[in-house]
Amino acid sequence: MDEKDLEITNAQQNEENNSANSVNEADRDESLEERNGVKYETNDNWQFEAEAHSLTDNDIILEESVIGDDIPQKDEMHNNADSAGEDEEQKSVSQDSADNNGGKIVVDKSLFKIIPLVLAVFLVAGALVFLGIRYYTVPNGKEGKLMNPGSVVATVDGYDVSIGMYNYYYTSVVNYYESYAGYGYYELDTSKDYDLQYTTDDDGNKISWSEFFKNETMEEIKTVTTGYNAGLKDGIKLTSVQKKTIDEQIKNLKNSASQQEVSLAKYLKNNFGEYCTESTIRLMLEQYYLNALYRGEYKLKQQITQDDIDNYYSKNKNDYYTINFSYIALEYDTTSDKAKAESENKAKEYMAKIKDRDSIADLVPEVYKAYIESDAKAAMESDESLSKKDAIKEATKTYLSNIDGTVTGSDTPFGEKINEWLFSDDTKIGSTNYYIDSNYGYIYVILKTENATRLDDETYTVRHILICPDIDKLNNSGESGEKVTFTDDQWTAAKKKADSIFKQYNDGDKTEQSFALLAEENSDDTASTTVGSSDNFGGLCEATALGKMVPEFEKWSVDDSRKYGDVGIVKSDYGYHIMFFVNDCPQYRASIITSIKNEAVSKMNEKSDLRLHNSVIEKAIETAASSNKDNTSQTAQ
């Protein structure tokens, strides 16, 4: 078997051997410090951890019946102690003690106190001689049972996480925030040290971006690994579709490496760090998809009552209301206290002019004058036939189209105080207020244009299995807008397959779970399954608004006679849809059901045991950052 075959075989055995990955966590507890529910090493100089169990009781009590002839008797032990010059009271074992312990012999353990230390030293020395110091201190970049202790970054519920896995997640997290920072979503300068730049965490605490990235990475790892471990314990297996998808994604990575004329190992090292290998990526994908299956089934099994919905609604009422408003954005000068005060006074002057939406529209040419002229100039440079008058007119339209906004009670684009002001019954329509965003240098003047309304629009939730006559043809049709047609033979074959799956469901236990698993294995609508990018499971189309799906699909779903568990087959231009009805209810109610299920999953995460090895994490971050820097440099060249 060549090296490549061995690597693939090892990757396939990961699931079977995951129990061998874990180091005895009970032996680590005393050296771990717990902060915010996470256990950290108190000694960052991580090395091989070996510990012999100590004798903590004052005495060792042995059953008399199990003591053989070779065990020293009471008098012999006294004599031995005497020869060592020890105090008679400390070394004696009295006959009364034996009598008082029901015929058991009580032995003074002080004779054996040296044994644990000697044993521990012997075990450590023996292990180091046999395996070598590097085995316990230097990562080997492998996964599964081949991973050495030096590769362990963290454990989640006793499952070891490798430095390569950490590198993958860390790099992905950093790339995500860097990408969106480029669009202005985050205040993050990618050219400066992340240790010296700050943001806030979910609890509002100020932390460096470096710490933020580390926390986000471990949260992602914890979420996926927790669901993966739970899925393994429940006996959940990857579907054939998921396995095929994993193989396709590995193939795509190899193609990308080939296009850059490097090996896959080199490609992964360049993008995710030195210890991220093909085995790491394959294991990561297996964990991701098994976690998705487990969490999907976990949410499906949640039994939510009307009382649950009512209680949740009463505690989070504003989250299910929406309100419209209009606004203008003025520049906020932060250069001095005087400049700040002048900016606020300017905002108040505009507030006095605003009575309704039309009055805000009238102010657009004045408020955005510099921006409109700049946009018009750019438009004229790209289109020489465009007159200045027309260019300004078009630019003004753009700013006029952006004076309206909508928020729900849980949205806080202008902070919690403005949100409370908007939703308050005491705030009359036509009232104005302002919000200062000093980070981005804007002050927003806000007009309340209507009262809050509840999200009562009709929605429905169903599961479906799409059997398309030719899914490749449908996928390749792109965005041309042309209607895809299929042959009669293709339609016949699709109907036959749909009927077969429908029969398989009816011949089984006919539960929502069994239907969901059939969708995972058979549906051509991958967006509604775990192999899609929508975080769905089992063909789920949740809280769907009217008009979002094809007419035949929607007509079946909103039929007044529908009740939970109804099934059927519907034909549309895309193929045959095997349907399972879940509910039909107002949007706010559907949202509450979703929120309750998601919170149940979050509570599962909170219960998992996460333990970190900070010294290995720092090594992971260092190698990932170095690889990213080298890769960026090569790309620039």
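Two strands are said to pair if DSSP finds at least two bridges between them. Helices (H or I, at least four residues) and strands (E, at least two) are DSSP runs, numbered from the N terminus. Good morning, colleagues.

The structure before you is a predicted model, in which local features need pLDDT of at least 70 and side-chain atom pairs count only at pLDDT 80 or more, while totals for chains, interfaces and linings use all residues. Residues are numbered from 1 along each chain as its sequence is written, and side-chain values use heavy atoms, with hydrogens and water left out.

I begin with strand S12, residues 442-448. Strand S9 (residues 321-331) is joined to S12 by 7 bridges, and the two run antiparallel. Within this pairing, Ala329 stands opposite Tyr444 in S12. S12 also pairs with strand S11 (residues 432-437), in the antiparallel sense and over 6 bridges; here Ile436 has Ile443 of S12 as its bridge partner. The hairpin of S11 and S12 has 4 residues between the strands, and Gly441 takes a positive phi near 75° there. S12 is mostly covered, since 6 of its 7 residues are buried, where buried means under 20% relative accessible area, exposed over 50%, and partly exposed in between (1.4 Å probe, protein chains only).

I turn next to an open sheet. Its 4 strands follow the order S15-S14-S17-S16, with antiparallel pairing. Which strands stand at the edges? They are S15 (540-545) and S16 (567-572); each has a single partner strand, so one side of each is left without a neighbour in the sheet. On average, neighbouring strands of this sheet are turned by 40° against each other, direction ignored. Axes are lines fitted to C-alpha atoms, for helices over the stretch in contact, and angles run from 0 to 180 degrees between N-to-C directions. S16 pairs with strand S17 (residues 575-586) over 6 antiparallel bridges, and Ser572 stands opposite Gly575 in S17. Helix H21 (residues 512-522) packs on the sheet, touching strand S14 (458-467) and S17, and the direction of H21 makes about 50° with that of S14. Contact here means heavy atoms within 4.5 Å.

Now to a pair of helices. The axes of H16 (residues 369-382) and H17 (residues 388-400) come within 8 Å and cross at roughly 125°. H16 and H17 are therefore oblique to each other; angles under 35 degrees count as roughly parallel, over 145 as roughly antiparallel, 65 to 115 as roughly perpendicular and the rest as oblique. H16 contributes Tyr371, Ile372, Asp375, Ala376 and Met380 to the contact, and among the residues of H17 are Lys388, Ala391 and Tyr399.

Two individual residues deserve mention. Lys214, in helix H9 (residues 209-233), is buried, with a relative accessible area of 13%. Leaving aside residues up to four places away in sequence, Lys214 touches Tyr166, Tyr170, Ile617, Glu618 and Ile621. Leu283 lies in helix H12 (residues 278-300) and counts as buried at 2% relative accessibility. The C-alpha atoms of Leu283 and Met165 are separated by 8.7 Å, although these residues are 118 apart along the chain.

Finally, backbone angles. Most residues other than glycine have a negative phi. Asp157, however, has a positive phi near 50° and sits in the loop between strand S5 (152-156) and strand S6 (159-162). Ala543, in strand S15, likewise has a positive phi, of about 50°; at 29% relative accessibility, Ala543 counts as partly exposed.
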